[in-house]
Amino acid sequence: MSDTSDTNDTAAGSDPEVLAELTRLRESIDNIDAAVVHMLAERFKCTQQVGVLKAAHQLPPADPARESRQIARLRELAESAKLDPAFAEKLLNFIIAEVIRHHETIADGAR
């Protein structure tokens, strides 16, 4: 997820101050990427528990009404954070698809 053009920047002989600022910014990006990965891991731990609970009570893996509410909520959060709401929706849809896949796997194992 990080900007990976380090070798091109140094090979181009950029100003040392510019390179120092790039390094500082990229370190921040790397820290944020690590936080995103850890937050996603925590989210998936919770959704795995939801999948187990759904399987135990024969509930469907997907909940379209909740998914719609979550998408609307995330779009609003994205707008207030100055993030493209369409991007946020695509990201959440990707995550939801993975969660549903996990729930289906859990449900298949419970049968």
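Which residue, with a positive phi, follows α3? The residue is K82, whose phi is near 65°. The structure is a predicted model, in which local features need pLDDT of at least 70 and side-chain atom pairs count only at pLDDT 80 or more, while totals for chains, interfaces and linings use all residues. Residues are numbered from 1 along each chain as its sequence is written, and side-chain values use heavy atoms, with hydrogens and water left out.

The overall plan is a friendly place to start. The chain holds 4 helices and 0 strands (DSSP runs numbered from the N terminus, with H or I over at least four residues for helices and E over at least two for strands). Read from the N terminus, the order of elements is α-α-α-α. Of the 111 residues, 21% are buried, where buried means under 20% relative accessible area, exposed means over 50%, and partly exposed lies in between, using a 1.4 Å probe and protein chains only. Among contacts (heavy atoms within 4.5 Å) between residues at least 6 apart in sequence, 58% join residues at least 24 apart.

Helix α2 covers residues 16-56 and has 41 residues. From first C-alpha to last, α2 reaches 60 Å, close to the 60 Å expected at 1.5 Å a residue; the expected span is 1.5 Å times one less than the number of residues. The buried residues of α2 include R26, D33, F44 and K54. Just after α2, Q58 has a positive phi of about 50°.

Next comes helix α3. Its 17 residues should span 24 Å at 1.5 Å a residue, and its end C-alpha atoms are 24 Å apart, which agrees. Buried in α3 are E67, Q70, I71 and A78. These residues lie on the same side of α3 because they cover an arc of only 105° around the axis, the arc being that of the directions from the helix axis to the C-beta atoms. R69, E76 and S80 are exposed on the other side of α3. The cover over the buried residues of α3 includes α4 (85-110).

E67 has no salt bridge (a side-chain nitrogen of Lys or Arg within 4 Å of a carboxyl oxygen of Asp or Glu). The nearest side chain of opposite charge is K54, 6.1 Å away; Lys and Arg count as positive and Asp and Glu as negative, with His and the chain ends not counted. Leaving out residues up to four places away in sequence, E67 touches A62, I96 and I100.
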